[in-house]
Amino acid sequence: MLDLQDTPIGMVTQLTGTEPIKIKINQLTHRSDQESVIFNLFSLNATIDKVISMLTQSSATILVTDLHENTQHKIKYADVLYVDYVDRNICLYTTDGTYWVKKSFIKMLDILPSNFIQISKNNAVNIYEVQSVETNIGGNLLIKLSTNEKLVVSRRYIKAFKEYLGKAS
């Protein structure tokens, strides 16, 4: 995988198979500029389809209520670390705060982007925020998020979680 976080803005070339792929990144200077992605391809493939899906999902938003201030905000699903169903409300946890939505867990699972996977009866996690996975003594999996929070993947959801990890890599 190509990691662009430490790459200076400009041209990056990586060999994938036998053909080089060039990646050009232009940093926008004004907030009013429209972010965009342009692909110059001979044909689509599964990797490009996955990238397009990720880009599309990263800009999707949801209207939520701040848990502490009782004000409404529009947040990106990409900013959500995990989802918890508590007292008939959905709690969405981000690095910036905790928000809630009045929805059933089933309805929330239906609208979450495909990078979320259910890990227990009341939880779903953003797979891109998972940093590590370890086995727990009770047969459950313990996942560590980018924020160092730990969540349990219950035994009932372990098989689907592992299969999802296999597809995501």
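Asn 123 lies in strand S9, which spans residues 123–126. Strands here are DSSP runs of E with at least two residues, helices are runs of H or I with at least four residues, and both are numbered from the N terminus. This is a predicted model, in which local features need pLDDT of at least 70, side-chain atom pairs count only at pLDDT 80 or more, and totals for chains, interfaces and linings use all residues. Residues are numbered from 1 along each chain as its sequence is written, and side-chain values use heavy atoms, with hydrogens and water left out.

Is Asn 123 buried or exposed? Its relative accessibility is 15%, so Asn 123 counts as buried. (Buried means under 20% relative accessible area, exposed over 50%, and partly exposed in between, with a 1.4 Å probe and protein chains only.) Leaving aside residues up to four places away in sequence, Asn 123 touches Tyr 82, Val 83, Asp 84, Phe 105, Ile 117 and Gln 118; a contact means heavy atoms within 4.5 Å.

The side chain of Asn 123 also makes a polar contact of 2.9 Å with the side chain of Ser 120. A polar atom of the Asn 123 side chain lies 3.4 Å from the backbone oxygen of Val 83. (A polar contact is a pair of N or O atoms within 3.5 Å; within protein, one must be able to donate a hydrogen and the other to accept it, and residues adjacent in sequence count only if both atoms are side-chain atoms.)

## From Val 83 to strand S6

Val 83 leads us to the next strand: its bridge partner in S6 is Leu 92. Strand S5 (residues 80–86) pairs with S6 in the antiparallel sense over six bridges; two strands pair if DSSP finds at least two bridges between them. The hairpin of S5 and S6 has two residues between the strands, and Asp 87 takes a positive phi near 50 degrees there.

S6 also runs antiparallel to strand S7 (residues 98–101), and four bridges join them. Here Cys 91 has Trp 100 in S7 as its bridge partner, and the hairpin from S6 to S7 goes through three residues.

## An enclosed strand

Why is S6 largely enclosed by the rest of the structure? Six of its six residues (89–94) are buried, so the strand is largely enclosed. Asn 89, Cys 91 and Tyr 93 cover one side, while Ile 90, Leu 92 and Thr 94 are on the other, and all are buried.

## The whole protein

The protein has three helices and twelve strands. Of its 169 residues, 30% count as buried.
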